[in-house]
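Here's a quick tour for anyone meeting this protein for the first time. Have a look at the sequence and the 3D view, then read on.

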Amino acid sequence: MEPVSDQFTQFHPIHGTNVRLDHSGTQATRVESFANGVCFSKCPLKPGEIFLIEIEDKELGWCGHLRIGLTARDPRSLEVVPEYSIPNLTDLGDSWIFAITRNHNKIVEEAEVIEPRQGELVGGRRLGRREEEDGAGDQADERTARNRKPKTFFTDTHLYIENVRIPRDKLVGRSRPGRYSHILDDLYKTNALPPTARRSRIGVLYVPRGEGLADMHIVINGEDMGASAKGISTAGPLYAVVDVFAATKCVRIVQVEYGFSSLQTLCRKAIQKHIVHRMAIDWLELPEALKHYCKYE
């Protein structure tokens, strides 16, 4: 499933008292203090649609980082936007927020406990079976696992979460152009830099799981962190929540293209494919707006 989003993603005009939006409604900056930075998506998310932001600026001296999640509460229904997403917004109910940290953002699924059947040991080996048969079973399991993987050529260009497919093109952050930007870009691609670093890209989406329920997933620089909340009701609209909290000073929405890429994106990909370093873009005879787009996206 690949969601079709034809709308320009923006922040909701209702937000925390310390938040200032730019004229496009895609950049949110906390102008003072460390709290009252809660923002919402302007429109509810579609199933499988990712709300992706990039950390534009940070502010030293505060403890804590960006928080992101979902809420079933329409921002217009709030008498006052909560000072904190955690615990104020979550205490209202119908909100699921995940606090981003420098480390340990991956959700570790609990191992499923399988009761041994008669004639089996807890370790999973049958009594009285030959090693060759066990080996054949392992090979069959490996073949089954391979068959579950997507077989299309989109595998490397898309991130798969259950039955949802998201284009990878915009999921990974890029450093500011400079002498060592190519090294930093590789670190972003391998998710080696802290998720809280500048240029890091973090997204939230919900994946349908059965009738009327879904799981919330957080994606950091192109890597799925797992289901951070399960069994969320999809009976009503779900809005994205971004809390520009503490050390996170400013974030920007990254527009994700589903389906066919725009001509602008195709031009960018063609240019980037034939250059060794992003700084070389300055030497090309191209309009300044296109140079800027190629260097920063």
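Start with A246, which counts as buried because its relative accessibility is 1%; buried means under 20% relative accessible area, exposed over 50%, and partly exposed in between, using a 1.4 Å probe and protein chains only. You'll find A246 in the loop between β12 and β13. Its phi is positive, about 55°, although A246 is not a glycine.

R199 is another one to look up. Its phi is near 75°, again a positive value in a residue other than glycine. R199 sits in the loop between α3 (181-189) and β9, and at 6% relative accessibility it counts as buried.

## Where the model comes from

This is a predicted model, so local features need pLDDT of at least 70 and side-chain atom pairs count only at pLDDT 80 or more, while totals for chains, interfaces and linings use all residues. Residues are numbered from 1 along each chain as its sequence is written, and side-chain values use heavy atoms, with hydrogens and water left out.

## The overall build

The protein has 5 helices and 13 strands. These are DSSP runs numbered from the N terminus: helices are H or I with at least four residues, strands are E with at least two. Of its 297 residues, 43% count as buried.

Take the contacts (heavy atoms within 4.5 Å) between residues at least 6 apart in sequence: 68% of them join residues at least 24 apart. The accessible surface comes to about 16800 Å², and 54% of that belongs to carbon and sulfur atoms. Areas come from the Shrake-Rupley method with a 1.4 Å probe; for residues, only the protein chains shown count as cover.

## What's packed inside

Which residues have the most contacts inside the largest nonpolar core? They are F11, F51, I53, I202, I218 and V242, in a core of 29 residues. A nonpolar core here is a set of buried Ala, Val, Leu, Ile, Met, Phe, Trp, Tyr and Cys residues joined through side-chain atoms within 4.5 Å. Several strands supply at least two residues each, among them β4 (51-58), β9 (201-208) and β12 (239-243). The largest share, 4 residues, comes from β10.

There's also a second, separate core of 13 residues, including L52, L171, V219 and V256.

## A cis bond to spot

One last stop: I86 and P87 are joined by a cis peptide bond, with omega about 10°. P87 lies in helix α1, residues 85-91.
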